Amino acid sequence: MAKNIIDFSKFTFTAEQIRDINELVFDEVLKAPELNELHEMFSGVIYDKEIGFITGGGLVGKAAQGCNPEAQDFKVGTRKVTWQPKAWEVIIDECAADLDNTCAVYCKNLGVRANDLTDTDYMAIVVQVLADAVKKMLYRIIWLNDTEATNVSDDDTPGLVTDGVDVGYFNLIDGLFKQLLTATTAHPELLVTITANSQTTKAAQMSGMTADVAYQLLNDMYYKAPVVMRASGKMRFLVTQTIADAYQQYLTGKNIESTYKNLVDGVRSLKFLGVDVIPMPVWDEQIQAYFDQGASKGYYKPHRAVLIEKANTAVGTPSDGVLEEVDVFYDKKSRINRIEASDKIDAKILNDTRFVLGI
């Protein structure tokens, strides 16, 4: 079992150094936005479950036929999407004795409860950090998972997951990017290729996303959008921070308003022809950390953009509660403090003809 959830190896434990765990200062870390701000959430998704949709009717209305008219052929179209939720879990153990030579010893309980960390400052910090990590995990599953994920060196195809990273973190379900790419096989008109992604070094990939390239990408995606989606007035761009930064530089260069507006707490956007352009830095962080194919290949598709309606990016779970909640408990027999989080999850593109993918 790994020692200490919090890494104390960076600190010298003496009377003149850090003595109180509450002296530790949180680095500013990237926080993922609330899921329900960007996704349509469905509760009660416990097992395979169908969602039915009415797709409209066919042609009606011909010239009047007089007596004994022949009925016209009219049918109401339907389609379905099937949820297939998969279970995930987080299990972390901590033994209080492992904290005795660290600054965390001062926050331990005393006497018979010395081994119980559940109500200590130490555990409060761990739970706070873990809750943020679970939220990022959910975005990783929803968008970046692929049931066929492999490490770079395990596949002849330019790889998905960085060598040395456990693919078990990336193969729970087929995430939304996998579904969108699959859908463009049948509907290639919904795909815009980002040339910068095909560069073979990270530097070339990053420098390839220029201000003009970002503008042209959004422009091409906007005018490729299906007419019914544009007419809805509900579509928005979700883009990597790389694209958002380059587009902001374009606006600045043209002396156009380039200030981010807060849509809700934790979600901000620029505008393109009245459509929100929402940066998703959580994508950049995870792609650059876990989709690194090496010095000669660069990142796996570091620039990504989706033009889509919120109602089309669906997330299904059994519960109606907060997914990033964690449970902390102490087992007296083993003297182990355990932290657990678990649930089921699935993600679906509900209509595979109402989006445009830039990748």
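The following is a dialogue on how terms are applied to this predicted model.

Trainee: What kind of model is this, and what is counted in it?

Mentor: This is a predicted model, in which local features need pLDDT of at least 70 and side-chain atom pairs count only at pLDDT 80 or more, while totals for chains, interfaces and linings use all residues. Residues are numbered from 1 along each chain as its sequence is written, and side-chain values use heavy atoms, with hydrogens and water left out.

Trainee: How many helices and strands does the protein have?

Mentor: The protein has eight helices and 14 strands. Both are DSSP runs numbered from the N terminus: helices are H or I with at least four residues, strands are E with at least two.

Trainee: Why is Val 60 called exposed?

Mentor: Buried means under 20% relative accessible area, exposed over 50%, and partly exposed in between, with a 1.4 Å probe and protein chains only. Val 60 has 59% relative accessibility, so Val 60 counts as exposed. Val 60 lies in the loop between strand 2 (49-57) and strand 3 (76-83).

Trainee: What makes the nonpolar surface patch that includes Val 60?

Mentor: Val 60, Phe 74 and Val 76 make the patch, at about 290 Å². Patch residues have over 30% relative accessible area and no salt bridge; nonpolar side chains (Val, Leu, Ile, Met, Phe, Trp, Tyr) are joined within 5 Å, like charges within 9 Å. The areas come from the Shrake-Rupley method with a 1.4 Å probe, and for residues only the protein chains shown count as cover.

Trainee: Why is Pro 318 called partly exposed?

Mentor: Pro 318 has 25% relative accessibility, so the label is partly exposed. Pro 318 is found in the loop between strand 11 (313-316) and strand 12 (327-331).

Trainee: Which residues does Pro 318 touch?

Mentor: Leaving aside residues up to four places away in sequence, Pro 318 touches Ser 43, Gly 44, Val 45, Ile 46, Asp 343 and Lys 344. Contact means heavy atoms within 4.5 Å. For Lys 344, which is 26 residues away along the chain, the C-alpha separation from Pro 318 is 6.4 Å.

Trainee: What makes strands 5 and 14 a pair?

Mentor: Two strands pair if DSSP finds at least two bridges between them. Strand 5 and strand 14 (residues 355-358) are joined by two bridges and run parallel. Leu 191 has Leu 357 as its bridge partner in strand 14.

Trainee: In what order do the strands of the open sheet lie?

Mentor: The order of the seven strands is 5-14-10-6-9-8-7, with mixed pairing. Strand 5 (191-192) and strand 7 (261-264) are the edge strands, since each pairs on one side only.

Trainee: What joins strand 6 to strand 10, and what joins strand 6 to strand 9?

Mentor: Strand 6 has five bridges to strand 10, running antiparallel, and three bridges to strand 9, running parallel. Val 239 is partnered with Ala 305 in strand 10, and Leu 238 stands opposite Ile 278 in strand 9.

Trainee: Which way do the residues of strand 6 point?

Mentor: Met 235, Phe 237 and Val 239 point one way, Arg 236 and Leu 238 the other, and all are buried. In a regular strand the side chains alternate between the two faces of the sheet.

Trainee: What makes Lys 135 and Glu 34 a salt bridge?

Mentor: A salt bridge is a side-chain nitrogen of Lys or Arg within 4 Å of a carboxyl oxygen of Asp or Glu. The N to O distance for Lys 135 and Glu 34 is 2.7 Å, and their side chains meet in a salt bridge. Lys 135 lies in helix 2 and Glu 34 in the segment before helix 1 (35-38), so the pair ties together parts that are 101 residues apart in sequence.

Trainee: Is Lys 135 buried or exposed?

Mentor: Lys 135 has a relative accessible area of 11%, so Lys 135 is buried. Glu 34, at 37% relative accessibility, counts as partly exposed.

Trainee: Which residue forms a salt bridge with Lys 136?

Mentor: Glu 285 does, with the closest N and O atoms 3.1 Å apart. Glu 285 lies in helix 8 and Lys 136 in helix 2, so this pair ties together parts that are 149 residues apart in sequence.
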